[in-house]
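Me: Please go through the pockets and sheets of this model with me, one point at a time.

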Amino acid sequence: MVIDRLTPRARRILTLVRRHGGASRSALIRETGLSGTAVFRASEELEAAGLVRAGESVAAGRGQPSAMIHIVPDAVFSLGLSVMTDRADMVLLDLAGEVRARREVTAPGMDRDAILDAAAAFAREQPCRDRIAGIGVAVAGFFTAPRVTNPSPELDGWALVDLEAVVGKRLGLPAMVENIANAAAMGERLLGAGAAHDSFCYVNVAAGLGAGIVVDGQLMRGRHGNAGEIAGLFHFAGRPIPNLQHLAAHLARHGVTCTGMSDLIARFDPAWAGVATWLDEQRPAYAWLFQMLRYTLDCEAIILGGRLPRWLAERIVADVAWPEITLPERRGVRAPATILAAARLDPELAAPLGAAAMILHRALFD
């Protein structure tokens, strides 16, 4: 593959073509500010690499019709593996951002070797295996060193080892490792609510609580890769963490028993006893968190997702009111409000999709 030798200009054009699902050269000139010659050369570079194709010409105002540029979805693929406390999933992602195959690869005890055996088998079965650029791995935990995570006790076999080396050797592919929240943020950036925003904060609610921060299209990882460890804010403030473990415990006190996070998500019913009271109790906690993030980051949007059932995410988002709505105007003008939205991706798909998206982003996109 020649994808590792793409010029920055070609990567920029490819990013826009993928985002729009196809674009004319004239539209690319307008959006990038590049000259017609620069856009033409970049699109030729991409076409020579087999990543795009020139299609029909379309009229765009005065002047000659402009050729449409389309992504070639089957040109490059990537794999994504997410490893959570009770579930592991694989996806195969094509260049257009479509999930072409997916499989749950959970193993008893979340055993690393068993999960990687299943991941390797999944990769071997793909007819496009010679066009897979790499595998992204998302693990629920914080970084102690580059490529080394320290996850929860349920993931002991994944802890304190160079996961990029371990996974890369086992699957024979370039690998990169990220935490779940950052990976899910990139998944939402590629195909979800984050696609409309260059800068946003993705709040990942699962057995734990974390955030992925995207600034100008790039992850803000922090010095050690642990930017977004927002659960610590709740510990520091003496507040309970409003995650799915907290919800499960609350439901159990109301007679609703779940065998684990996956069971809670699969069977979730808004009518369950305890759901309404949990929302009432945790509304101030989420409002406090969102205010902390918006005042600190001043990002375009805050997106609530992770494994949180979408109905819950939408209810939480709908119940939050920014202060600008009630505070008096200053000189007739209010401060710009941050957009608050629920994530769009399947709660069990965001992390593995994001892990796969990281490979394509590193290799090809701006």
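Reply: The second largest pocket holds about 320 Å³ of space. A pocket here is an open set of points on a 1 Å grid over the protein atoms alone where a 1.4 Å probe fits, with protein on both sides within 12 Å along at least five of seven lines. Grid points are joined across faces, edges and corners, and a volume is the space filled by probe spheres set on the points. This is a predicted model, in which local features need pLDDT of at least 70 and side-chain atom pairs count only at pLDDT 80 or more, while totals for chains, interfaces and linings use all residues. Residues are numbered from 1 along each chain as its sequence is written, and side-chain values use heavy atoms, with hydrogens and water left out.

Me: Which residues lie nearest the centre of the second largest pocket, and which elements give two or more residues to its lining?

Reply: Its lining has 19 residues (those with an atom within 4 Å of a point), and nearest the centre are Phe 143, Met 176, Val 177, Glu 178 and Arg 221. Helices (H or I, at least four residues) and strands (E, at least two) are DSSP runs, numbered from the N terminus. The elements asked for are β8, β10, β13 and α12 (350-363).

Me: How many residues of each class are in the lining of the second largest pocket?

Reply: Ala, Val, Leu, Ile, Met, Phe, Trp, Tyr, Cys and Pro count as nonpolar, Asp, Glu, Lys and Arg as charged, and the others, Gly among them, as polar. On that basis the lining has 8 nonpolar, 5 polar and 6 charged residues.

Me: Which element gives the largest share of the lining of the largest pocket?

Reply: The largest pocket has a volume of about 610 Å³. Of its 29 lining residues, Ala 140, Gly 141, Ala 207, Gly 208 and Leu 209 lie nearest the centre. Two or more lining residues come from each of β8, β9, α6 (180-191), β12 and α7 (231-237). The largest share, 3 residues, is from β12.

Me: Why is one side of β13 and of β15 left without a neighbour in the sheet?

Reply: The open sheet runs β13-β12-β11-β14-β15, with mixed pairing; two strands pair if DSSP finds at least two bridges between them. β13 (218-219) and β15 (339-342) are at the edges, so each has a single partner strand. For β13, 2 bridges link the strand to antiparallel β12 (residues 209-215), where Val 215 stands opposite Gln 218.

Me: At what angle does α10 run to β11?

Reply: Axes are lines fitted to C-alpha atoms, for helices over the stretch in contact (heavy atoms within 4.5 Å), and angles run from 0 to 180 degrees between N-to-C directions. Helix α10 (residues 275-297) lies across β11 (200-205), β12, β14 (301-306) and β15, and its angle to β11 is about 150 degrees.

Me: Which residue in the turn between β8 and β9 has a positive phi?

Reply: β8 (residues 141-145) and β9 (residues 148-151) are antiparallel, with 4 bridges, and Phe 142 has Asn 150 as its bridge partner. The two strands form a hairpin with 2 residues between them, and the residue with a positive phi, of about 75 degrees, is Arg 147.
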